[in-house]
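Hi,

Here is the structure I said I would pass on.

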Amino acid sequence: MNLVVLQNWLDNASFAILFLTMLVYWGGAAFPNLPYLAALGTAGMAIANLCIATLLGARWIEAGYFPLSNLYESLFFLTWGITAVHLIAENSSRSRLVGVATAPVAMAITAFATMTLPSQMQASEPLVPALKSNWLMMHVSVMMLSYSALMVGSLLAIAFLVVTRGQNIQLQGSSVGTGGYRSNGYRLNKASELISQSPAPAVENNGFARFESSSNGNGNGNTAVLNLITTPESQAVASAEPLSPQRLSLAETLDNISYRIIGLGFPLLTIGIIAGGVWANEAWGSYWSWDPKETWALITWLVFAAYLHARITRGWQGRSPAILASTGLLVVWVCYLGVNLLGKGLHSYGWFF
């Protein structure tokens, strides 16, 4: 089999599958009463992931080295990482909104690699001397996987801001610092039980108090029911259109899964930077040279270190860390792609010009 023809077929197939998958996820968000769309979206992401993995494997066999030597290969490896992390995040969150955020990004990256890059940049070429090292797989693959995880986590943070309409709400999440666990206002009681506990403060309950009803139609005391009761103290907050319980539950899920995915990407980024320093010392005789790529990798590390510090030690949740993570998405793109457009450095093999 001609491996070049196979690669050309697979990169176009990956784009087509991701485009259709994006439409499926968007359709599922617009028409939530069609449950089979969620399964179709997951299947589309899994098929795209397998297509890209096969493409990279064929590239590896053809070229004889790990396929991360140019921009075309790294873009597809990045897309493979995004689809893999997407499947993990979707399985953990059970939310189709994950695909609404990640599918268009994966599709756009694939389209850029397939349709925008010139053919000479898509062809595999002999490695430049600096890349003829076992550190190519160790450093570059770990960095690309960290970018994938951080991008997905940041996209979920943006989805959180969209779901909550940018409101500053309190969540019962997984941050462990001061204020990391807050009551969400729900108490589950049998319908025959009386509720004598005073309502939680309005700010803690996002503008309304949430309690169980103490009676039901059957009177058997075995059915738990839920009522939402607005307190007088919360009417000022409620005037700002408090979020429904469904939106609050979805926001809490997105906040938690974004935190966990970024928590996965940050150690990978740390390991990748350390491995890059060791490789740089072998190749150029210096662990750190303030190359543009190195500088922006450090900036990326600092942004997400601040995010995790705020969540772990300060217990931040909700809007503030989501805004910080959203900023991190831009920083990751500048680190990965932007410096290739702004100025040359030691990482010049990924350049456009």
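Before we get to particular residues, a word on terms: a helix here is a DSSP run of at least four residues, and helices are numbered from the N terminus. Also keep in mind that this is a predicted model.

With that in hand, find Ser 141, which sits in helix α6, residues 135-163. Is Ser 141 buried or exposed? Its relative accessible area is 11%, and buried means under 20%, so Ser 141 counts as buried. Apart from neighbours within four places in sequence, Ser 141 is in contact with Phe 66, Leu 68, Phe 77 and Leu 136.

Now look at Met 144. Leaving out residues up to four places away in sequence, Met 144 touches Leu 68, Ser 74, Phe 77, Leu 78 and Tyr 336. Three of these names come back in the next bit: Met 144, Leu 78 and Tyr 336, together with Tyr 147, have the most contacts inside the largest nonpolar core. That core has 74 residues. Helix α6 gives the largest share of it, 16 residues. The elements that put in two or more residues include α1 (3-30), α4 (97-116), α8 (245-284) and α10 (319-342). As background, nonpolar side chains tend to be buried together in soluble globular proteins.

Next, a pair of helices. Which angle do the axes of α2 and α3 make where they cross? Roughly 145 degrees, and the axes come within 9 Å. Helix α2 covers residues 36-63 and α3 covers residues 71-93. The crossing is left-handed. On the α2 side, the residues making the contact include Met 45, Ile 52 and Leu 56, while on the α3 side they include Phe 76, Trp 80 and Leu 87. Sorted by class, this contact has 12 nonpolar, 5 polar and 3 charged residues.

Finally, zoom out to the whole protein. There are 10 helices and 2 strands, and from the N terminus on they run α-α-α-α-α-α-β-β-α-α-α-α. Of the 353 residues, 48% are buried. The accessible surface comes to about 16600 Å², and 64% of that belongs to carbon and sulfur atoms. Lastly, take the contacts between residues at least 6 apart in sequence: 76% of them join residues at least 24 apart.

Cheers

Definitions and conventions. Residues numbered from 1 in each chain as written. Predicted model: local features only at pLDDT ≥ 70, side-chain atom pairs only at ≥ 80, totals over all residues. Heavy atoms only, no water. Axes fitted to C-alpha atoms, helices over the stretch in contact; angles between N-to-C directions. Left-handed = near helix turned anticlockwise from the far one by under 90°. Contact = heavy atoms within 4.5 Å. Nonpolar A, V, L, I, M, F, W, Y, C, P; charged D, E, K, R; others polar. Buried < 20%, exposed > 50% of the residue type's maximum accessible area, 1.4 Å probe, protein only. Areas by Shrake-Rupley, 256 points an atom, 1.4 Å probe, with all protein chains shown as cover. Core = buried A, V, L, I, M, F, W, Y, C linked by side-chain atoms within 4.5 Å.
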